[in-house]
Amino acid sequence: MKKLVYKLMIAGGMMAMVFLHACKKSYLEREAIGSTSESILATKAGAEAVLIGAYSLLNNGGTVGGGWPSGKWIFGGVASDDAHTGTEAGALQPVPAFENYTEDATLYPLNDKWRFFYSAIQRSNDVLRLLPKIPKDAITDDQALQIKAEAVFLRAVYHFEAALMWRNIPYVDESISFANNNYIVGNDGPVWAKLEDDFKFAAANLTDTKPAPGRANSWAAKAFLAKVYLFQHKFTDAKPLLTDLITKGVTANGKKYDLMESYHDNFVPSKKNGPESVFAVQMSVNDGAGGANGNNSNGEGNAGPYGGPYPSYGFYQPSFSLVNSYKTDPATGLPLISTFNDSDVKNDQGLASSDPFTPYTGTLDSRLDWTVGRRGIPLLDWGIMPGQAWVRQQSVAGPYVHIKNANPQSEPGARENNSTAVNYCMIRFADVLLWAAEVEVEAGSLDQAEIYVNRVRARAANPAGWVHTYIDNSNPLKGFTNTPAANYKVGLYNGEFTQKGKDFAREAVRFERKLELAMENHRFFDLQRYDNGTGYMADLLNAYIKHETTIPGYNFTYMVGAKFTKGKNEIYPIPQAQIDLSVVNGKPLLTQNPNY
């Protein structure tokens, strides 16, 4: 029975295990060393500590099921057209099964992810169960309400992330516990309405600013509520929320929402928690935890260049198709939405670093080289990317490396072991602008949608924010020249949304999200949202498979024979281990997703 509780959903506890005692303690009933009793935690400080324990799991670490095998980079990135698994052939098993859409309900990363989410949900509920037990004179009503609203917010976030994976999930509130003997919960209906209620409660009761930038404020709750609406295609419900977020929203530390000055500022440790940060997972290093609190617990600290001053394990390599997406029209600077994959950006696939190579000279979106490390182009302030020497195994996953979570040489204190202090933005303001554009296309004004998209593109069009050449290639820390590192040309739309119509505008918004948010683990779930039973996701990803597996000189080992199946692969299979554990009276309460 205890094993069932541990694996299904009651895995998480408070920051330290709480032992409830129903009888008078004897000598043999003394609490174990390291345990904390509920009577000690039943204070404002105790409730805050338990709440921080719930926040701490946002980085996918620190509890059962967390770590790289359950990282969002697998389910949101590798399973999309953004990226390949990376490293050597046969490594990182069973991640390639998610890349080639052969995953099944027995794979342990799925069970790990499930256990993690419900452990995190349980930590959030622990806060809600603890609050009523705090003496009235030990906490004010306002303090208790803020703690409650943050806990409800976190519970909704963890449920929402689980719903993106599986759609059909159990909803677990504070009334469900082992003590109440109601801990086996089925997945017999969608949880969207419950998530709406939780985010509405949080939005109505949280303050606009918080004492720490990583805490949820009312605007973060409104942003998540808008996202829940978008996944249900409730565009008219999302529209006023998004308008308010754009015109009035502020960060938890009181900064008016805006785009960061430079695109790459979003990925520089010293500039984190800026005006673009709607809700970010806080990462830190050199804090006594040996890097465990850095951007590595979800696996992304292992992603990036395999060489250079801060080498990683080389996971999560950008795809050829992603790089091709950044080609632009040489006359207008607009993306090649329907023809981007007709030819490949020149690359060094199959070449040694000692072989001569000249980078692609065609026009490109400037965001490419802040997202992807490619041969012959400056990679942060590490030096000119030398190609194969900085790639784990080029023949398996291609010539490109992920750099958004890499750390500048000029900020050595923001890295420890294989972790960085780069925050992970679950929602940034560019997200909000592009959601608003999506809503305007479906339930508003095409002209307004174009304005929102152009606001995002205008930053990419500004030469001040481009990658530039080094003053001295042999010493990149000397700084940069004013010369762009590649042939960047980024143009703004000029009436095309209205002139070409709704279908064009819809694809333009979707393509802009692909460019802006690449390698940030959103792509699979964006495609899932766009699909809505139409087959859009299957068509797009099967075209992607065809392209990646027919590149001359590239044997895409992981995708030989791959096929994305409509009506199946849009969501993941519910772990079989959890279905088995949910059996009551010979029948499981958890129902498997279709076609698994």
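## Helices α15 and α17

In this predicted model, L446, V453, V456, R457 and R459 of α15 meet K502, A505, V509, E512, L515 and E516 of α17. Contact means heavy atoms within 4.5 Å. The contact divides into six nonpolar, no polar and five charged residues. Ala, Val, Leu, Ile, Met, Phe, Trp, Tyr, Cys and Pro count as nonpolar, Asp, Glu, Lys and Arg as charged, and the others, Gly among them, as polar.

Helix α15 spans residues 446-461 and helix α17 spans residues 502-516; they pack at an angle of about 25 degrees, with axes 11 Å apart. That makes α15 roughly parallel to α17. Angles under 35 degrees count as roughly parallel, over 145 as roughly antiparallel, 65 to 115 as roughly perpendicular and the rest as oblique. Axes are lines fitted to C-alpha atoms, for helices over the stretch in contact, and angles run from 0 to 180 degrees between N-to-C directions. The crossing of α15 and α17 is left-handed: the near helix is turned anticlockwise from the far one by less than a right angle, whereas clockwise would be right-handed. Helices (H or I, at least four residues) and strands (E, at least two) are DSSP runs, numbered from the N terminus.

Residues are numbered from 1 along each chain as its sequence is written. Local features need pLDDT of at least 70 and side-chain atom pairs pLDDT 80 or more, while totals for chains, interfaces and linings use all residues, and side-chain values use heavy atoms, without hydrogens and water.

## Helices α10 and α14

Helix α10 (residues 235-248) packs against helix α14 (residues 429-443) at about 140 degrees, with axes 9 Å apart. The two are therefore oblique to each other. Here too α10 passes α14 in a left-handed crossing.

On the α10 side, the contact uses F235, T236, A238, K239, L242, L245 and I246. Among their partners in α14 are F429, V432, L433 and W435. By class, this contact has twelve nonpolar, one polar and four charged residues.

## Cavities

The structure holds seven cavities of 30 Å³ or more. On a 1 Å grid over the protein atoms alone, a cavity is a set of points where a 1.4 Å probe fits but cannot get out; a pocket is an open set with protein on both sides within 12 Å along at least five of seven lines; lining residues have an atom within 4 Å of a point. Grid points are joined across faces, edges and corners, and a volume is the space filled by probe spheres set on the points.

The largest cavity holds about 240 Å³. Of its 20 lining residues, L58, N60, K72, K113 and E161 lie nearest its centre. Helix α7 gives the largest share of this lining, four residues. The lining of the largest cavity has 13 nonpolar, four polar and three charged residues. The second largest cavity has a volume of about 100 Å³. It is lined by 13 residues, with F267, N405, N423, Y424 and E520 closest to its centre.

## An open pocket

The second largest pocket contains about 460 Å³ of space. It has 19 lining residues, and H264, D265, K271, W370 and F480 lie nearest its centre. The lining of this pocket divides into eight nonpolar, six polar and five charged residues.

## Backbone details

Q93 and P94 are joined by a cis peptide bond, with omega about 5 degrees. P94 lies in the loop between β3 (83-86) and α5 (95-99). H233 is not a glycine, yet has a positive phi of about 60 degrees.
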